[in-house]
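Good morning, and thank you for coming.

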Amino acid sequence: MSDPDCIVFVIDDDPLVRDSVADLLDSAGFTVRTFGSAADFLEGEHPDLPACLILDVELPGLGGLDLQAELTKSGADVPIVFLTGRGDIPMSVRAMKAGAVEFLTKPFRKPELLDAVTEALRRDREGRLQRSETSELKKRFGTLTPRERQVMALVVTGLLNKQIAGELGTTEETIKVHRGRVMSKMGAGSLAELVRMAEKLKISS
Amino acid sequence: MPEAAEPQNDFSLDPSIPAGAASLESILCTEELRQRPSRRPDHAQENAALVALASALAESRHAILEVLADTILRVTGADSSGLSLLTSDGATPNDEGQRFYWPAIKGMWSEHVGGVTPRNFAPSGEVLDRNCTLLFRHFERRYLYLLRFSPAAEECLLVPFYVRGKAVGTIWAMMHSDRRKFDSEDQRLMSVLGQFASLAYQTMGMIDDFKAQIKAREEAESRLREMTRVEVAVILDGLEAQVRTTEEFHRVVVETASDTVVSIDHGGYILFANRAATRTFGYEPSELIGQPLTVLMPEYLRDLHKAGLKRYQETSHRHINWQGTELIALRKNGEEFPVEVSFGEINSDGSRVFTGFIRDISERKRAEEKLRESELNLRQMTETIPEMLWGATPDGSVDYCNTRVLDYTGLSQREIQGAGWMKTIHPDDAENVEQAWARSVESGDPFYFEFRGRRASDGKYRWCVSRALPLRTSAGGILRWHGTVVDFHDRRQAQEDLRNAQAELAHVNRVMTMGELTASIAHEVNQPLASIVASGDSCTAWLAHEPPNLDKARAAACRIIQAATQASETVQRLRALFKKTTSITTSVDVNIAIEDTVSLVRHEAQRNKVVLRTELEPGVPSVRGDRVQLQQVILNLTMNGIESVARLDHEPRWVVIRSANSNTGEILISVEDTGLGIEGEQADRLFAPFFTTKPQGIGMGLPICRSIIEAHGGRLWAAKNQPRGAVFHFAVPVTAPGA
């Protein structure tokens, strides 16, 4: 479960709690960084590694939920495990809806924490993978000409070449050429693959 | 009145009317007065004017004229006003005079005061001839000599002025423009003022006359006195010279004495009685001569007198004191009365004559009787008054206790005296009472002490309070002490019950406040618990490593201890607030009390995004009080502040708790917030029970806080915070040194 190439950020203003949680994760083989406040965390360095946050809800100043919102806004999509000294339902609902991995009420036991951290790191790895795939596709999509992008958008909706030609006011032959270029530039082996790529790129006609 | 001529005293009395003078009819417009619209009477102004005139009465006749002119100017709103009075010499009023003079003028014509006009050719003359009010328009067209007085008179209203029923002149008001026209109200006002002023003027005249008469009489009397004094002196001189050589002198002295003087011969028969005998005994002196002295004594004393007189003459032994003996005498009408008698004896021509000076002392006796009665009343009062009273000598020895004290203590007057009362004091209080009393006796300061005293009726010790004040001589020395004792056991009990009830209420309030804080408290407790559990798990994990990481395991165990200690402290603090205690007075460090309280609400503040700060003056002196109750006040005020800020959306959002030493024997604590603040109307009701602005509040927090602070001898009040919010202050006295 431990993975030295991952990093767990623990943010809690209570030094005892912070150190205890960090130590527990350390004993389970995780690499841990601790912070006393949200601001400290935002200012700190974040290595480009799979990571997750263990975040106290009741932080003074910028609170846990505020930090979550802040990160989402800036596109830093790091999974969060919340800790709270007094879990109340509206608060946890809000956190979970906003994408929290888990909401742990103090005091909690080791398995709960480790399960949550493991799940968070898994999600981050997966997210990172997805993000890197998407960015490759975006790069490829960037090489298409405007006409080719038009054609691709129509192809993935399932239209025949003839219909596309009609739609764009050109010949079926021309469309065929464009389509061939799209498939090759995007590196798609089949129409089905191109459709999946379009979904990831959120392309629609 | 406006008619004047500059060479005042050689004024022409020629009645001839100059050529070119306008006719009287052409300048008179009195009839118009009736037709002009008139303003309403202003009675307040009129009264004020009359008062002004009446005040001038105290001064002089001339002052009245001045005030009258002034008043007319004011009430009519005229441009000028004044009086014209008949005079012979141009300077004093005289109803036989052939000229008018102007003794007082106000307004624009004031510089013309002292001017003179002829009786027979002047507006005032016309008024006196017709004996009625006249209104003139530009009268200088007829009375050409008025041309030289400026400004010219557009209108002049003249009213006759009477003294002792005789018209002696006029009062007048003048307009120099057509700014306004006189109306019938002006006429009425001037008549009223004129009548009043006439009366006042006349009264002043009479007063002056009286003064002159009195002065004349005093002079006459003084002359007479001087004469009489000289004559009497001459007579007395002669008389004295005469009597000094004769017995007559003695007779004069005796006759004029206010005491009765009676002389008797050796047989007790009256030889002489002076005139005072008539007043004292009712006998003419002539009636008494030849009578036995015993007629002046009641029956029962007569034999005694005779025997005494006889014995004295035989033995020279006086059976009574001859100087100032009090006896009973008998008046002619049979009334007995007390007298004081002094005797003298003269041997005249070989026979003995006794002379007695007898003074009626009925009055003195009555006064003495009254004094005795009032003393008796006072004594009766101290004995019947339903309070316990006592008295002591200047050295502190109790020498009097009224019956109430004796009844209460069951001691006799003899037993309680001196320091006997100490027996009734509770053994635990006896020494303190004794010391306090000794201090008062020593210093002369008022005595006040609360102690338990034994009530005889049930043998129980009850709370009493005794007070005493020294009665001092005019020189300041203590004459004696007077004191009271009051059994206030029941009242004290009631106060104690009240205190307990208040403590109960305060407890309920604490529990309710803590109820509001459950989330924060849960956090406060769960925080160390989380640390304990997590560290326990990691400790186990480190021990399970191959090889076990003992250093890390030990560190984890230390954290467990640390967190457990923290948790235990939190629970202690909470327990204190939840515990139902009666009030316990100790020395309280206010700063620590504040910090402890803040730790309970810190997360409540965070949860509401309120910054909670403390600014505590280091080393403020301790206060004497109930720590839990003081914390409760701080807790309530802080919670109120947080809630008030929480209900708003704006910045800044903070609550600051401050402590400071006022250096006047008080610690000041304030709780400031940037919340809703206090509206004017709320400020009055803030501390009233059941007043609340919170949806969940019951409105007992602030009243309880105030009663707690007041029970600590302090004050609690609220004010507006700048720029927004409220600030609650309270001040509690610092622990007295040595207390």
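How many cavities of 30 Å³ or more does a search of the whole structure find? The search finds one. Please bear in mind throughout that this is a predicted model.

Let us look into that space. The largest cavity holds about 290 Å³. Its lining is made up of 20 residues, and those closest to the centre are Trp421(B), Thr424(B), Ile425(B), Phe451(B) and Val485(B). Several elements of chain B give two or more residues to this lining, among them helix H12 (403-409), helix H14 (427-443), strand S15 (447-454) and strand S16 (461-472). Strands S13 (388-392) and S14 (398-401) of chain B also belong to that group. The largest share of the lining, four residues, is supplied by S15(B). What is the lining of the largest cavity like by class? It has 15 nonpolar residues, four polar ones and one charged one.

I now move to the interface of the chains. Here, 24 residues of chain A are in contact with 27 residues of chain B. About 2,100 Å² of area is buried between chain A and chain B, and carbon and sulfur atoms give 55% of this area.

Which specific pairings occur across the interface? The rule finds four salt bridges between chain A and chain B. In one salt bridge, the side chain of Lys609(B) meets that of Asp66(A), with an N to O distance of 3.3 Å. On the side of chain A that touches chain B, helix H1 (residues 15-27) of chain A gives the most, with nine residues. That side of chain A divides into eight nonpolar, three polar and 13 charged residues.

Finally, let us consider salt bridges in the whole model. Over all chains, the count comes to 53 by this rule. Within chain A, the side chains of Lys106(A) and Asp12(A) meet in a salt bridge at 3.1 Å, N to O. Why does this pair tie together parts that are 94 residues apart in sequence? Lys106(A) lies in the loop between strand S5 (102-105) and helix H5 (110-142) of chain A, whereas Asp12(A) lies in the loop between strand S1 (7-11) and H1 of chain A, so the pair links those separate parts.

Thank you for your attention.

Conventions
Residues numbered from 1 in each chain as written. Chains lettered and ligands numbered in written order. Predicted model: local features only at pLDDT ≥ 70, side-chain atom pairs only at ≥ 80, totals over all residues. Heavy atoms only, no water. 1 Å grid on protein atoms, 1.4 Å probe; cavity = no way out; pocket = protein on both sides within 12 Å on 5 of 7 lines; lining within 4 Å. Points joined across faces, edges and corners; volume = space filled by probe spheres on them. Nonpolar A, V, L, I, M, F, W, Y, C, P; charged D, E, K, R; others polar. Contact = heavy atoms within 4.5 Å. Buried area = accessible area lost by both parts, 1.4 Å probe.
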